[in-house]
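Here is a short briefing to read alongside the model. Keep the viewer open as you go through the points.

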Amino acid sequence: MSAIIVLTAVSLAQFMLAAAMAIASIRMFRGPRAQDRIIGLDTLYINAMLLLVTFGIGTGRVIYFEAALVIGMLGFVATVALAKFLMRGEVIE
Amino acid sequence: MMHSAADIPLWAAVVVAFFLLVGASLTLIGAIGFLRLPTFYERIHAPTLGTSWGIGGIMLASMIFFSIASSRPVLHEILIGIFVTVTTPVTFMLLARAALHRDRAERNGNVPEKQGSSEEAEPDSVPSA
């Protein structure tokens, strides 16, 4: 019974997060200016991280947590570098 | 190391499912708002729904699930929660300031003037789009 509840919730959550990723990538491809595309990319990696953690709950393995942590850290660095590029025109001055 | 979802009691399964659905649905609502809001400065608010309670709900669900399934406190998911909570305002402030800088340099839209100086920002070399 508890397995049915958890696995149903995991499937629903994965569906919703995949829909959120699709919406973020629509904005990333369509966004009128560069800053919209960067925020689309930011939302996309946050949602991918949440999807990995949800996948970890569904399969019961702890290894997905580490992948989610790496995605979060690298995504932060990428977004900061892109914002710096928009601001200054170069990343390292 | 694997844990099966059949090992946890019923109340824990209900709590885990509740937090998972809250987190995922708030993330989806944030993404829909991100698609539908008209201007950039309004759009930048929407994804923070996913980075505050989306992250919080799913990390709480994961912590409760693994703590009860392995019958010891498993709290390492809080690392992701703290990290994302700290870094999201930084990235969005940087992006909003960059967008404001670009809009001022191109003199488009009705963005507020720079505080303390009445003249407009000089149009220096800013890459467009």
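A residue is called buried if 20 or more other C-beta atoms lie within 10 Å of its own, exposed if 12 or fewer do, and partly exposed in between, with C-beta atoms placed from the backbone. By that rule, 35% of the 129 residues of chain B count as buried. Please bear in mind that this is a predicted model, in which local features need pLDDT of at least 70 and side-chain atom pairs count only at pLDDT 80 or more, while totals for chains, interfaces and linings use all residues. Residues are numbered from 1 along each chain as its sequence is written, and chains are lettered from A and ligands numbered from 1 in the order in which they are written.

**Confidence**
- The model scores ipTM 0.89 and pTM 0.85.
- Chain B averages a pLDDT (the predictor's confidence in each residue, from 0 to 100) of 84, and 87% of the residues score at least 70.
- Among the elements of chain B, the highest mean pLDDT, 92, belongs to α1(B), and the lowest, 88, to α2(B).
- Take care with residues 119–123 of chain B, where pLDDT stays under 50.

**Helices**
- Chain B has 4 helices and 0 strands; here helices (H or I, at least four residues) and strands (E, at least two) are DSSP runs, numbered from the N terminus.
- In chain A, α2(A) has 26 residues that should span 38 Å at 1.5 Å a residue, and its end C-alpha atoms are 37 Å apart, which agrees; the expected span is 1.5 Å times one less than the number of residues.
- α3(A) also has 26 residues and reaches 39 Å from its first C-alpha to its last, close to the 38 Å expected.

**UniProt record for chain A**
- The unreviewed UniProt entry lists residues 6–26, 38–57 and 63–87 of chain A as "transmembrane region"; positions are given in the numbering used here, feature names are shortened, and annotations may be inferred rather than shown by experiment.
- In the model, residues 6–26 of chain A are 100% helix, with end C-alpha atoms 30 Å apart.
- Residues 38–57 of chain A are likewise 100% helix, and their end C-alpha atoms are 29 Å apart.

**Where the chains meet**
- The contact takes 47 residues from chain A and 57 from chain B; two residues are in contact if their C-beta atoms, placed from the backbone, lie within 7 Å.
- On the side of chain B that touches chain A, α1(B) gives the largest share, 16 residues.

**Inside the assembly**
- The largest nonpolar core has 45 residues, and those with the most contacts inside it are A:Val53, B:Val16, B:Leu20, B:Ala61 and B:Phe65; such a core is a set of buried Ala, Val, Leu, Ile, Met, Phe, Trp, Tyr and Cys residues joined through C-beta atoms within 7 Å.
- Both chains contribute to this core: α1, α2 and α3 of chain A and α1, α3 and α4 of chain B each supply at least two residues.
- Beyond its neighbours within four places in sequence, B:Val16 is in contact with A:Val6, A:Ala9, B:Ala61, B:Ile64 and B:Phe65.
- Another core, of 10 residues, lies apart, and includes A:Ala83, B:Phe40, B:Ile44 and B:Ala99.
- A:Ala83 is also one of the buried residues of α3(A), along with others including A:Tyr64, A:Gly72 and A:Leu86.
- The buried residues of α3(A) pack against α2 of chain A together with α4 of chain B.
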